[in-house]
Amino acid sequence: MKSSPAENGFDRLVDAVNGTISRELFVSDDVHRAEQEHLFSRAWLFVGHESQIPNPGDFFTSRMGEESVILCRDRAHKIHVFLNTCRHRGMKVCRYDEGNTPLLTCPYHAWSYSLDGKLVGVPMYNKLYEGVLDRDAWSLIEVPQLANYKGAMFATWDPLAPPFDEYLGGAREHLDLVLDARDGREGGSEVIGGIQKWIVPSNWKFGTENFMGDTYHNVSHRSVDLVGISPNARSGMKGRRADELPGTQHVWLSYPQGHGVHSMLLPAENSYVEAFRDDPEVEAYFRRCYEERKARLGPERSRWVGLVGSLFPNLSFHGRQPRSLFVWHPHGPRSMEVWRFYLVDADAPEVVKDFLRHYYMRYSGPGGMTEQDDMENWNYATAASNGTIARRYPYNYQQSMHAGAEVAPGTMQTTQINEQNSRDFYRRWADYVGNRDWNVLLGRDAGVKR
Amino acid sequence: MDSIQYLERGTKISLVGDVPAKVEDNPRDGAWLVARFSHSSPDLAATGGERLRAANRKSAHGLTFVRDPQTPDVLVIVHADDILGVRS
């Protein structure tokens, strides 16, 4: 009799000690169902950026796991996240990607809700429902916890989830490298342009894992480096990292909450490296930002530069350029919907924003040259892992197995290319789908066992 | 009313019960809009509440009243059927 992953126990699928991960994680329907039930219903999830809804009545339709949610700002300027489903028959009350409205009206029977979620309009209420329907009890379903971290909005369906700050833990410093202004001021970023959304025939975890610092796959992007798409390309510096200072130390960190980041530490003696030679005005802006950041943060803190990272479970980021947040939404076990949010300094000159917008499109998204390489890998990896025979053989995660050092309880640091971050991510993943409690999920008791 | 979708913000309208109001927000969904009832104007200050309650009793759909956090006015969420017409 064929056994399912659920029957086997999810722990058996992740052998972080020996460095193997079952292919079932990337193709199985049982795994997918367990993720929806125990992981996406509890973890803090990114739902959008405050800058997308600046005015009362603004809304942005987002997702939490596979479910549609509405991020909106009510008349009193308070931000909410609601499940996008009418309490009457479940139809989506909002079918637009974004916009402004005083009411969310269900197209089915026209039950209507104000932007604070209250049921305010029921057709023929006085004749059909008076004395029976308590409108106050039938508001839109709202997340029990919502956090605004430097404009990035996070929500969880679990009322018992820890505060977002604790969930974020030490990864905070590296998320700051994305969200803070380029001159070192806290926050100050905004989403530019629309959100790029596209579906990739691949499991969502490929994306999360890739952006925990898999620089081992650089061969995939060789064509990009040869063609040259960087903001220095016309000036002859084609490689994506050709502007890296000698002596720069790359650092990979995995956190007990399941997050993993890859940042770099500039040499103690560092100076501005021209990275936008193709446009003198943009170059001048970033040179000024570099100097101001150094003065604001001091010589030590300013050495940190964010490259990439993933917050558990499905938010990843680019810290430098193309500076962005991206979400890997599950779309069935063998498909995901990728959303890219591009960030700029809110008060940057328009010429800088426009230059970056073009660069971002050239680099990322469904038409971006680098992203296309990744999608091809994940696409074929998923397809090739789905067969009966293929599923019997696990993936290898043994890279730099013993190279890491525990620098804080449950926090591992590695200074060479490694799969430590991925191993720790999947170990924590198994705890979530196994429905363990928050003490385990946060590594409060024993950190990450190794 | 043929359609409420074309009512712009600021348009003067009459609600069921002949209550005067102005269009505050129109989501253009064809079913509901938000009207502003200037409860604080001198001629309505005394009778405004009673007029709204009477209008609610006449409405098949029911009116929903929301205090405007910025002003003393009342915002009325009103169904298309309960908009009698446009006032000049």
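In the predicted model described here, strand S18 (residues 315-318) of chain A is covered on both faces: A:Leu315 and A:Phe317 on one side, and A:Ser316 and A:His318 on the other, are all buried. Here a residue is buried if 20 or more other C-beta atoms lie within 10 Å of its own, exposed if 12 or fewer, and partly exposed in between, with C-beta atoms placed from the backbone. In a regular strand the side chains alternate between the two faces of the sheet. Helices (H or I, at least four residues) and strands (E, at least two) are DSSP runs, numbered from the N terminus. Residues are numbered from 1 along each chain as its sequence is written, while chains are lettered from A and ligands numbered from 1 in the order in which they are written. Because this is a predicted model, local features need pLDDT of at least 70 and side-chain atom pairs count only at pLDDT 80 or more, whereas totals for chains, interfaces and linings use all residues.

Strand S17 (residues 304-311) of chain A pairs with S18(A) in the antiparallel sense over 4 bridges; two strands pair if DSSP finds at least two bridges between them. In this pairing A:Ser310 stands opposite A:Ser316, and a hairpin of 3 residues joins S17(A) to S18(A). A:His318 stands opposite A:Ser324 in S19(A), and the hairpin that joins S18(A) to S19(A) runs through 5 residues.

Another sheet in chain A is open and holds 4 strands in the order S6-S5-S4-S7, with antiparallel pairing. Its edge strands, each pairing on one side only, are S6 (79-83) and S7 (98-100) of chain A. From one strand to the next the twist averages 30°, where axes are lines fitted to C-alpha atoms, for helices over the stretch in contact, and angles run from 0 to 180 degrees between N-to-C directions. Strand S4 (residues 58-64) of chain A and S7(A) are linked by 3 bridges, and A:Phe59 has A:Gly99 of S7(A) as its bridge partner.

At the level of domains, chain A is assigned domain 1 (45-146) and domain 2 (170-441); such bounds come from an automatic or database domain assignment. The centres of domain 1 and domain 2 of chain A, taken over C-alpha atoms, are 33 Å apart. The contact between them takes 7 residues from domain 1 and 9 residues from domain 2 of chain A, with two residues in contact if their C-beta atoms, placed from the backbone, lie within 7 Å. The domain 1 side of this contact has 1 nonpolar, 4 polar and 2 charged residues. In these classes Ala, Val, Leu, Ile, Met, Phe, Trp, Tyr, Cys and Pro count as nonpolar, Asp, Glu, Lys and Arg as charged, and the others, Gly among them, as polar.

Turning to the chains, the contact takes 18 residues from chain A and 15 residues from chain B. On the chain A side, strands S8 (103-105), S9 (112-114) and S10 (119-121) and helix H4 (125-128) each supply at least two residues. Helix H4 of chain A gives the most, with 3 residues. The chain A side divides into 9 nonpolar, 7 polar and 2 charged residues.

Helix H6 (residues 172-179) of chain A has A:His174, A:Leu175, A:Val178 and A:Leu179 as its buried residues. Seen down the axis of H6(A), these fall within an arc of 140°, so they line one face of the helix; the arc is that of the directions from the helix axis to the C-beta atoms.

A few loop residues complete the picture. A:Gly368, between helix H10 (350-363) and helix H11 (369-385) of chain A, is buried because 21 other C-beta atoms lie within 10 Å. A:Lys150, in the loop between S11 (145-149) and S12 (152-156) of chain A, has a positive phi near 55° although not a glycine.
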